[in-house]
Amino acid sequence: MQKIKNLEFLRVLLIIAVLAIHTCASGSFALYKHFPQIDLYKYLHQCFIQTNNAVEGFFIIAGFLLVITFKNTETTANFVKKKYIRFTPVIIFTTLIAIILSAFGILKCRLFGDLLTVLLVNHFGICFATGSLPVLWFTSALFAGLLLYFIILKNFWGKKLYGVLIFLVFASYLILEILQHGLFSHPHRNYYHIFNIGFLRSVGGIGLGVLTGFLYKNHLINKNIQEKFFPKTLYTISEIIFLSGIIWWLFFPHKIFNSIYFVIMFQILLLLFIMKKGYLSEFLNNDIWVKTGKYQYCVYVTHSVIGFVLLNKIWLKHPDFIAIHPFLPIIIANVMMIICGILTYHMVELPCGKYLKEKYEKR
């Protein structure tokens, strides 16, 4: 199946959004949290007030890719093995670095939470414990959601399958609506000891991506009908509108809206991009995004380590520098996070993944 390269553009956009919110606006090492009196950080906090919804985009894309790469002959055990090989080397490396840094007081070590994080079970249904790097709730929720839907794809067919998928997506977002009035914040929070916000986001987003994957894989989007009733210019205008809407939501100030609106916008944008019927989706279907997108996982997993080091070793010790040059910490932090992610990809993810695949995946 031909690779849809413009999806990598979306993932690059989403990881930029994650760096933006964690560097500037929200989280343990965010500049706004420690220097709220600086006008620039106040403004950026307003810009990135709902940038946490970038994670919804990652979940939806993951669900879509799960379906278009799904093979019914693959066993559940092999699927789990592949995901551990894919996810854990970088997490183990980053967690070890975090534990070492905790000895110098740079961050707080939580050994039990770190163990669960490495095992990918810290958000396996509910949040059992938070590790030294709280942002890694995402990797566990992603793994749990993918495993859930893989098992469903293995055991349900036809109308029953679609019924289960629709029920899970609807139920997840409905519970989020009831518990948090549609705001997808506080992913570590558990309600009634059974509903974890991060896991519900994973189930809803991945399920939506899975349904989209079936539309694409089963050719339910008829190309002839598309071309006859929807000219290329209309597709292009739609792509521009929804991409602009996503960028506005992630990077520009606005009042707080129900997060389901972002999910709907991103879902429509995903459909437009996988159809590739407009000029924008065709233009962005480029190898450059594949080359840059391959780093996004390592950047995500490692970026908080850089954030904690800069905060505790430089920013908090030089508040006058921050006040005089508020732009520089943002630039320095993001550049270092990206460089660290690239180096980790080449030095950890790539060689470890290759070694583990050769040793274990074929067994």
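## Lys5 and Asp287

Asp287 is partly exposed, with a relative accessible area of 40%. In this predicted model, the residue forms a salt bridge with Lys5, and the closest N and O atoms lie 2.8 Å apart. The two partners are 282 residues apart and link distant parts of the chain: Lys5 belongs to the segment before helix H1 (6-25), and Asp287 to helix H14 (residues 287-293). Lys5 is likewise partly exposed, at a relative accessible area of 23%.

## Further salt bridges

The model contains 6 salt bridges in total. Side chains of opposite charge can pair when their charged atoms come close.

One of these pairs joins Glu56 to Arg201, with 2.7 Å between the closest N and O atoms. Glu56 lies in helix H4 (residues 54-68) and Arg201 in helix H9 (residues 197-217), so that distant parts of the chain, 145 residues apart, are linked. Glu56 has a relative accessible area of 1% and is buried; Arg201, at 2%, also counts as buried.

Another salt bridge connects Glu282 with Lys232 at 2.8 Å, N to O. This pair links helix H13 (residues 279-283), which holds Glu282, to helix H11 (residues 232-251), which holds Lys232; the separation is 50 residues. Glu282 is partly exposed at 38% relative accessibility, and Lys232 is partly exposed at 29%.

## The buried side of helix H3

In helix H3 (residues 39-47), the buried residues are Leu40, Tyr41, Leu44 and Cys47. These residues lie on the same side of H3 because they cover an arc of only 110 degrees around the axis. An α-helix has 3.6 residues a turn, so residues three or four places apart point the same way.

Methods: Residues are numbered from 1 along each chain as its sequence is written. This is a predicted model: local features need pLDDT of at least 70, side-chain atom pairs count only at pLDDT 80 or more; totals for chains, interfaces and linings use all residues. Side-chain values use heavy atoms; hydrogens and water are left out. Buried means under 20% relative accessible area, exposed over 50%, partly exposed in between (1.4 Å probe, protein chains only). Helices (H or I, at least four residues) and strands (E, at least two) are DSSP runs, numbered from the N terminus. The arc is that of the directions from the helix axis to the C-beta atoms. A salt bridge is a side-chain nitrogen of Lys or Arg within 4 Å of a carboxyl oxygen of Asp or Glu.
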